[in-house]
Structures are given as C-alpha cells and as structure tokens.
Amino acid sequence: MQRLLLRRLGLALLLIVAASALIFAIIAAAPGNVAALIAERAAGAGADGAMIARIEQELGLNDPLPIRYLTWLGNAAVGDFGVSLRTGKPIAEEFAARIPVTATLLAFGGTIAFFLSLAMGLAGAASNGGLVDRMLHAVALIGASTPNFFVAALLVIAFAVTLGWLPSFGATGAASWVLPALTIAVFPASVLSRVVRVNLQEAMARPFATTGFAKGLTRGHVLLREALPNIAVPFLTTFGAQFTLMTIGAIVVETVFALRGVGSFFIDAIRFRDFIGMQATLLLFVVFFVTANFMVDLICLLVDPRLRRGRN
C-alpha cells in the first residue's frame with residue numbers, strides 16, 4: 001500500500017512539472033513584451049528602449065528559456081509567484097485573499113452536486129423506467145446541456161429580480177452564496193445523476209441483488225444496502241473529475257456574481273494582458289486538478305479493497 005501511494009504521488013508530481021512546463025512555454029510564446037508593458041504602465045509615453053532593456057535585465061528575460069523556467073518554478077514552489085502587472089501587488093497576496101472565496105464556492109457547489117446527484121440517481125433507479133425516471137432523465141439532459149452563464153441568468157431573474165429572495169452579486173452573507181453554488185452545481189449534478197442511475201441499473205442485475213430480493217427485501221432496501229455501496233468507486237471517480245472541472249465554471253460564475261475569487265482574477269489578468277498573473281493562475285489550477293484527483297484515487301483505494309489487491 002505504501003509503495004502504491006508513493007508511486008501515485010510521484011506520478012502526480014511528474015504531471016505537475018510537465019503541465020507547468022507547458023504553461024510556461026505557452027505564456028512565453030504569447031505575443032507581447034512583458035518588459036515593454038511594465039515600462040509603459042510605469043512611465044507612460046516616457047518609456048524608452050533603455051528603460052525596457054533595464055527591466056528585461058532585472059526580470060531575467062534575456063536568460064535562456066530553460067533557465068527562466070527553472071527560476072520561475074523554483075520561486076513558485078516556495079510561494080513566490082511574482083508581481084501582478086495589473087495591480088502591482090505580489091500574486092501570493094492576491095491568492096491569499098481570493099482562494100478562500102473560490103474554495104467556498106467549490107465547497108458549496110460540490111456538496112450540492114454530490115447529494116443532489118445521489119438523490120436523482122436513486123429516485124430514477126427506484127422508479128425504474130416510470131414517470132419519475134423519465135422526468136429526471138430529461139432534467140439531467142437539460143442540466144448537462146445548459147451553459148453556466150445561462151443558468152446564472154435564469155436564477156438571477158427568478159430569485160433575485162422577480163422574487164427578490166436572494167442577492168445577485170457579492171459575498172455579503174450566507175444567502176449570497178446560494179445562487180452561485182446552485183449555478184456551478186447544475187452541470188456536475190446532472191452528469192453524476194446519470195452515472196449513478198446507469199451504474200445502479202447495472203448493479204441491480206447482479207446476483208447479490210437477486211439474493212436480496214429472494215430474502216424479501218424491497219427494491220429500495222436492495223438499492224441502498226446492496227447496489228449503492230457497489231457503485232462507490234465509479235461515482236467517486238466521476239465526482240472527482242467533475243469537481244475539478246468546476247474550477248472552469250467558477251471562472252464564469254465568479255464573474256457573473258461579482259465574486260472576487262481566483263476565477264475573476266484570471267479573467268482580469270487576461271483582459272489586462274497580465275502574463276505573470278495568467279501564468280501563476282494556470283499553475284494553481286493544475287496543482288488543484290492533480291491534487292484533487294490524487295485524493296479521490298486515494299479514497300477509492302481505501303473504500304474498495306479489491307483495488308488494493310489488484311494493484312499490489
């Protein structure tokens with residue numbers, strides 16, 4: 001078990017390093033001169049070639065690309081992501097202020113998606129082709145096909161503008177998180193509900209389900225006691241993938257609901273051509289993706305002993 005975990009950890013670190021190299025190469029190849037941007041915003045029309053050359057020297061932009069990459073990765077490993085070209089503040093300070101906002105949004109949205117998908121999948125499996133099952137199937141298809149910004153617009157119109165029950169922007173209290181969390185949870189909940197429904201249908205055709213019926217258990221009892229534990233691994237694996245993809249939805253949701261999180265910082269960095277900010281944010285996203293999937297894989301190993309035996 002320990003060797004397996006060390007191997008998985010090594011692969012995760014290798015993936016982070018490979019992705020960071022790709023991010024650095026893409027940002028380095030983007031059109032524009034970072035030194036010229038800094039000089040222009042510092043001196044305006046007074047920026048000249050000498051000033052740009054001095055900034056390039058100070059930032060090490062004249063060094064070979066591999067040296068620049070290793071310097072950037074080494075600084076990022078100790079929490080030094082550089083200074084934002086847009087705000088002039090260290091990006092580490094920006095992340096310290098914005099990560100809690102994004103983490104709160106993902107936590108609420110992930111919790112809603114987790115339990116809502118289980119409820120929809122179980123209800124559909126209990127109905128087993130009935131009216132409820134067909135209705136939930138249609139709802140899941142609509143939810144998985146609707147963009148986040150459209151869901152956000154509908155929720156704002158319904159609950160903020162028409163009914164006036166919930167605020168539509170900012171993080172001013174617990175109520176202000178309801179609409180953003182619902183918006184970001186719709187897509188993963190819809191996808192996960194179909195995963196639960198399909199896997200439960202397959203599990204109900206296995207011998208242990210037949211044995212449960214032979215013992216006199218109802219369909220609901222067999223679903224909860226026998227079938228549901230057997231779909232834990234595919235459900236958790238899909239949930240991990242959808243949870244990490246929620247960061248992409250957070251970029252849209254934070255912008256729509258005026259939340260000052262990492263997603264909105266990334267959008268601002270793109271708009272203002274803040275290459276340093278974009279680079280640091282993409283690296284943060286990669287670290288989150290890899291870490292979340294590593295944790296899900298670890299949970300699956302703990303939940304299902306068959307995986308430990310098979311991999312050992």
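**Reading aromatic pairs and burial**

Student: Is phenylalanine 265 buried or exposed?

Tutor: Phenylalanine 265 is buried, at 0% relative accessibility. Buried means under 20% relative accessible area, exposed over 50%, and partly exposed in between (1.4 Å probe, protein chains only). Phenylalanine 95 is also buried, at 3%. This is a predicted model, where local features need pLDDT of at least 70, side-chain atom pairs count only at pLDDT 80 or more, and totals for chains, interfaces and linings use all residues. Residues are numbered from 1 along each chain as its sequence is written, and side-chain values use heavy atoms, leaving out hydrogens and water.

Student: How many aromatic pairs are there?

Tutor: A pair of aromatic rings is described by the distance of the centres and the angle of the planes. Rings of Phe, Tyr and Trp (its six-membered ring) pair if their centres lie within 6.5 Å; planes under 30 degrees apart are stacked, over 60 edge-to-face, the rest tilted. The count here is 15. One of them joins phenylalanine 95 and phenylalanine 265, edge-to-face at 6.0 Å and 75°. Phenylalanine 95 is in helix α5 (residues 91-127) and phenylalanine 265 in helix α12 (residues 262-271), so this pair ties together parts 170 residues apart in sequence. Helices are DSSP runs (H or I, at least four residues), numbered from the N terminus.

Student: What angle do the planes of phenylalanine 266 and phenylalanine 285 make?

Tutor: Their planes stand at 70° with centres 6.0 Å apart, so that pair is edge-to-face. Phenylalanine 266 in helix α12 and phenylalanine 285 in helix α13 (residues 275-303) are 19 residues apart. Both residues are buried.

Technical notes: Helices (H or I, at least four residues) and strands (E, at least two) are DSSP runs, numbered from the N terminus.
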